[in-house]
Amino acid sequence: MDRQVRCYDCGKTYRLEERQRCSCGEPLWFDADAETFEWPDDDRNWTAGMWRYEDALPVAPSSAVPTGSVPGTTPLVRAEGLDEYAGCRLSLKPEGQNPTGSFKDRGTAVGVEYGLRDGHDWIGTVSHGNMALSTSAYAAAAGLEAAVFVPADTPLERLELIARHGARIFRVEGDYGRLYAETLGLEAEVGRFVNSDTPLRVAGQKTVAYEILEQFQPSAPDAIVLPVSSGGQASGVWKALRELEAAGLLDADDVPRLYLVQAAACDPIATASREGRESVSAIEPGETIAVSIANADPPSGTRALTAARETGGAVVSVPDEATREAMDRLATAAGISVEPSSAVALAGVRELSRRGELDADEEVVTILTGSGYKERYDVDVESRTRTIDLEAVERELAAALE
Ligand SMILES: *Cc1c(COP(=O)(O)O)cnc(C)c1O
Ligand SMILES: [Zn+2]
């Protein structure tokens, strides 16, 4: 299968094993036979998960990975109850429903299948949590070893989730950006590490946009909004839109605008956008509750910024208060519990509507990247519970619901 990777920016091509980034400095992605892609027949069952789009992927699924671990085909939920809050016609893509609770499973599945095909006995990643968890679980499912590198200050509750799958976990002191780059360049191991913006991961992650566009048929959403950290998922979504356009399945006039959202305390891509710069550079980060997207030096930052610009979208950032409020609205008005890094996207939708970037009659899809059921959050339990006597059940119930 195709091992050719290409630079989105200057167009140079390489073999996958040859280089991690283009000589121009920008990241690479796989070429796909985009012109020949067609929407799968209905009889290619939705239980195939993301492998429904196998024709557009650089590797096919093998029987080595149990089907219970298949990512993808998460629902597209129309969330009318949140339209007023969002300021548009809102649909949600709850990626927390993937097997390990985040969209990372899509990219991991491609990385694991590729590793199996090449006869590797281990794969690695560098992550703040979700990607390490996903890689550990999929490696375990496929009978591979996993080597995961996390920052030394990663919370214990996150490490416990990862450790369940038997991965080798390294807690690294030192600069995260350098760790990310160094693992990719490790001699003889090039291609083993499936970090957040590598060609294998981006190939898997583009399937979320294939799904959104297929689920939205016969029309297309006006905009897609997602949180951004390394820029890997944003790159994948953009790539999918380009491929669907090349395949003639999406009219040039109908390509959704891509809006990317960051936490205000750590927003290098939004900063570059605000300042009208062509490329993204590292910033000095502050603290945020959106820990999964706190990357101060994003490896695909410039590619993500380009994706937003080229599609007529934008990159914005939101304060933690707005994120907390959005997280609460999702839970109370849509029944979906997400982690703060996902709620950032809904807070971003509200901000974009306020700025007039999104209209009340526009169809907007928000990708909810990760589940809220993995970690503890501050919820005021006292104000939302009541301790009562057994004898008082009937009376209290009537009083509460009247
Ligand atoms: C990884 C992650 C992101 C950011 O994705 P990138 O590809 O790094 O931009 C957003 N939300 C959650 C929950 C994540 O785990
Ligand atoms: Zn290049």
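Q: Which residue in E12 does alanine 223 stand opposite?
A: In this predicted model, strand E9 covers residues 223-227 and strand E12 covers residues 363-368, and the two run parallel, joined by 3 bridges. Within this pairing, the residue of E12 that stands opposite alanine 223 is valine 364.

Q: What is the angle between the direction of helix H8 and that of E10?
A: Helix H8, made up of residues 232-246, packs on the sheet, where it touches E9, E12 and strand E10 (257-263). The direction of helix H8 makes an angle with that of E10 of about 175°.

Q: Which strands does helix H10 touch where it packs on the sheet?
A: Helix H10 spans residues 301-310, and its direction makes about 135° with that of E10. As it packs on the sheet, the strands touched by helix H10 are E10 and E11.

Q: Which are the edge strands of the open sheet?
A: The sheet is formed by 6 strands with mixed pairing, in the order E4-E5-E12-E9-E10-E11. An edge strand here pairs on one side only, and this applies to strand E4 (77-78) and strand E11 (314-318).

Q: Is asparagine 130 buried or exposed?
A: Asparagine 130 lies in helix H3, which comprises residues 130-142, and its side chain makes a polar contact of 2.7 Å with the side chain of lysine 374. Beyond its neighbours within four places in sequence, asparagine 130 is in contact with residues including Ser102, Arg158 and Glu339. Because its relative accessible area is 8%, which falls under the 20% cut-off, asparagine 130 is classed as buried.

Definitions and conventions. Residues are numbered from 1 along each chain as its sequence is written. Chains are lettered from A and ligands numbered from 1 in the order in which they are written. This is a predicted model: local features need pLDDT of at least 70, side-chain atom pairs count only at pLDDT 80 or more; totals for chains, interfaces and linings use all residues. Side-chain values use heavy atoms; hydrogens and water are left out. Two strands pair if DSSP finds at least two bridges between them. Helices (H or I, at least four residues) and strands (E, at least two) are DSSP runs, numbered from the N terminus. Contact means heavy atoms within 4.5 Å. Axes are lines fitted to C-alpha atoms, for helices over the stretch in contact, and angles run from 0 to 180 degrees between N-to-C directions. Buried means under 20% relative accessible area, exposed over 50%, partly exposed in between (1.4 Å probe, protein chains only). A polar contact is a pair of N or O atoms within 3.5 Å; within protein, one must be able to donate a hydrogen and the other to accept it, and residues adjacent in sequence count only if both atoms are side-chain atoms.
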